[in-house]
Amino acid sequence: MVARLVIAAPSSGSGKTTVATGLMAAFAAAGLAVSPHKVGPDYIDPGYHALATGRPGRNLDAYLCGPDLVAPLFAHGAAGCDIAVVEGVMGMYDGAAGQGELASTAHVAKLLRAPVVLVVDASSQSRSVAALVHGFASWDPEVRVAGVILNKVGSDRHEALLREALEESGVPVLGALRRASQVRSPSRHLGLVPVAERRADAVESVAALASRVRDGCDLGALLALGRSAPSLPGGAWSPGSVSSPASPSSSSNAGRAGHRPLVAVAGGAAFTFSYAEHAELLAAAGADVVAFDPLHDEQLPDGTAGLVIGGGFPEVYAPELSANEPLRKAVAELAFSGAPVAAECAGLLYLARDLDGKPMCGVLDAEARMSERLTLGYREAVAVSDSVLAVAGTRMRGHEFHRTVVAPGARATPAWGLHQPERRVEGFVQANVHASYVHTHWAAEPGIARRFVERCAP
């Protein structure tokens, strides 16, 4: 049993990330082993969580992975820790559009049987805060709202009024944080700028958040609340149990004794979007996983047999990516040699002919450019054809998050057929290249990693 807390809020912008990240860092500074988690598909907040705790930030997404995997994935990530802190998403009861509570913070809290701490932006209210908290605490009796942290409190007098009002709600106040603009972090689109793009500043921001939470919250009471969570039924998810390598009798060499193909995974400031479980699944399937930075490394890792390029913000670094011509040529040569390549979102842009007029790898005969429109949301997807990731007909749930467009959006052999919110085909399957805007979580279909590694055999 791992002690655990879910940090929720009535709406986005209330201060969930401030409190969750600060609480993680404060607990870690106190000598506790802290497991960081984020509800939903967000890649950026987990980077700050990892900085705060020294452990990989992990996502818990009941839409992408299904409700049944939430608790096992949590148990896998939290193994051996003293406490887990789970940052929620949007407002506490906001989930996948049109699907009730699915993938909401409240849904995940129920799946984890975890107490919830509600972070309230108190900047424009006093006694009304009690009605707000009462409403959230009583809306779903299966959700245990066990404490409140008041954020953006204006003064001692303001705090006293808020605390007095909340005495009537029956939900204890576990902290009060004053307004503090000096620890705000820069944002892009709908989230923070990734840690990899501003590491020194991010370290300072996380330290400042830890100090604010330590000074303004009752860490002892929060730890005791986390320890009040009951045991979770069932076992932990294991990448080895779901993505074992091919047998020696297989036509693939991926699982043969002494042969582990090398899979290179793009990282660095331009490619920061990746789920921790992907690398674990690739390793469990029989690969050696090595990270590289397309901004700085002029060659792929020696012996690269497969390439994974995840998401990020390559448009911010288009000139630098373009200037690294040796690596662009190496990527193109690898792809044209028939080696398996999996690219999501930023990876798709990098494989295109150019991005905002800057030459990219030229693996795909397509052009990418920035757009005024933000494309965002969950997607129902089905594999249109066989590829290095899936056989035709494989159904997945994914997520799109980008402010770019690729023309054409698909070729004769698309990657996915999408069924939500509208029907369309998307992405590219070209020889052993699979490139798409759609982010997927491979834990939902562990055969993806196994199939990819099998294709890495010489």
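User: With which strand does β1 pair over three bridges?
Analyst: This is a predicted model, in which local features need pLDDT of at least 70, side-chain atom pairs count only at pLDDT 80 or more, and totals for chains, interfaces and linings use all residues. Residues are numbered from 1 along each chain as its sequence is written, and side-chain values use heavy atoms, without hydrogens and water. Strands are DSSP runs of E with at least two residues, numbered from the N terminus, and two of them pair if DSSP finds at least two bridges between them. Over three bridges, in the parallel sense, β1 pairs with β5 (residues 116-121).

User: Which residue of β5 is the bridge partner of Ala8?
Analyst: Ala8 is one of the residues of β1 that point the other way from Ala3, Leu5 and Ile7. Its bridge partner in β5 is Leu118.

User: Which residue of β4 is the bridge partner of Arg4?
Analyst: β1 and β4 (residues 83-87) run parallel and are joined by five bridges. In β4, the partner of Arg4 is Ala84.

User: How many residues of β1 are buried?
Analyst: Buried means under 20% relative accessible area (1.4 Å probe, protein chains only). Ala3, Leu5 and Ile7 on one side and Arg4, Val6 and Ala8 on the other are all buried. For β1 (residues 3-8), the count is six of six.

User: Which element gives the most residues to the lining of the largest cavity?
Analyst: The largest cavity is lined by 13 residues, with Phe401 and His402 among those nearest its centre. Two or more lining residues come from each of α13 (346-351) and β17 (395-407). With four residues, the element that gives the most is β17.

Terms used. Buried means under 20% relative accessible area, exposed over 50%, partly exposed in between (1.4 Å probe, protein chains only). On a 1 Å grid over the protein atoms alone, a cavity is a set of points where a 1.4 Å probe fits but cannot get out, and a pocket is an open set with protein on both sides within 12 Å along at least five of seven lines; lining residues have an atom within 4 Å of a point.
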